[in-house]
Structure formats: C-alpha cells, structure tokens
Amino acid sequence: VRQAEMSVKERDEQGTGEGLRKWSRCFDCGQEFHGAVFLALGWACWKTYLGRPERDWVRSGALEMLGNALWKGGKQPEEALPVLEASVA
C-alpha cells in the first residue's frame with residue numbers, strides 16, 4: 001500500500017517540476033536540457049533512483065532517462081543501446 005501511495009504521489013508531481021520530468025526539462029522555462037548537461041542529469045537521475053526495486057516504474061524511467069542522455073546528450077549510441085534495452089526488459 002505504501003508503495004502504491006508513493007507512485008500516485010510521484011505521478012501527481014510530474015507537472016510541478018518534481019518526478020522524472022525534472023531531469024530532462026527546465027522547470028522555469030520548459031526548455032529541454034541537451035548536451036553535457038543532459039548527460040550529467042541522466043547519470044544523476046539514475047543514481048538517485050537506483051536503489052528502488054527492479055520492477056519500480058520510476059527506476060525503469062530513470063534507466064530510460066540515462067539511455068536517452070547517453071544517446072542524445074553524450075552522442076554515445078554504443079553505450080546507450082544496452083541501457084535502453086535494459087530499461088524495457
């Protein structure tokens with residue numbers, strides 16, 4: 001029950017700059033992060049939620065965020081592919 005309550009709370013925070021969206025978009029202006037900033041935030045996002053259970057949707061989203069950051073922000077598709085594959089497994 002506690003985990004379900006947390007998931008509802010996290011979903012509600014998506015539009016307020018909280019939750020996973022804060023790792024990819026500026027809360028003030030709405031601009032998407034890019035380049036080295038996006039890559040750094042992708043790693044920070046993954047490290048923040050890594051301790052959650054493997055089936056947790058936020059953990060999966062954080063892994064996907066890291067994969068996207070490696071692909072787009074770091075221009076490292078060879079490193080992004082296994083991360084993105086793991087995020088959908």
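## Terms and basis

A residue is called buried when its relative accessible area is under 20%, exposed when over 50%, and partly exposed in between, with a 1.4 Å probe and protein chains only. Helices are DSSP runs of H or I with at least four residues, numbered from the N terminus.

This is a predicted model, in which local features need pLDDT of at least 70, side-chain atom pairs count only at pLDDT 80 or more, and totals for chains, interfaces and linings use all residues. Residues are numbered from 1 along each chain as its sequence is written, and side-chain values use heavy atoms, with hydrogens and water left out.

## Confidence

The pLDDT, the predictor's confidence in each residue on a scale from 0 to 100, averages 84 over the protein chain. A score of at least 70 is reached by 80% of the residues. Among the elements of the chain, helix α1 (residues 2–12) has the lowest mean pLDDT, 54, while α2 has the highest, 95.

## Helix α2

Helix α2 covers residues 35–49, 15 residues in total. From its first C-alpha to its last it reaches 22 Å, close to the 21 Å expected at 1.5 Å a residue; the expected span is 1.5 Å times one less than the number of residues.

The buried residues of α2 are Phe38, Leu39, Gly42, Cys45, Trp46 and Tyr49. They lie on the same side of α2 because they cover an arc of only 125 degrees around the axis, taken from the directions from the helix axis to the C-beta atoms. Ala36 and Lys47, on the other side of α2, are exposed. The buried residues pack against α3 (57–73), where contact means heavy atoms within 4.5 Å.

## Nonpolar core

A nonpolar core is a set of buried Ala, Val, Leu, Ile, Met, Phe, Trp, Tyr and Cys residues joined through side-chain atoms within 4.5 Å. The largest one has 16 residues, and those with the most contacts inside it are Leu20, Trp23, Cys45, Tyr49, Ala62, Met65 and Leu70. Helices α2, α3 and α4 (77–88) each supply at least two residues of this core, and α3 gives the most, with 7 residues.

Leaving aside residues up to four places away in sequence, alanine 62 touches Leu20, Cys45, Trp46 and Tyr49.

The structure holds 0 disulfides, a disulfide being a pair of cysteine sulfur atoms within 2.5 Å. For cysteine 26, the nearest cysteine sulfur is that of cysteine 29, 3.6 Å away. That distance is too far for a bond.

Cysteine 26 is partly exposed, with a relative accessible area of 21%. Cysteine 29 is exposed, with a relative accessible area of 55%.
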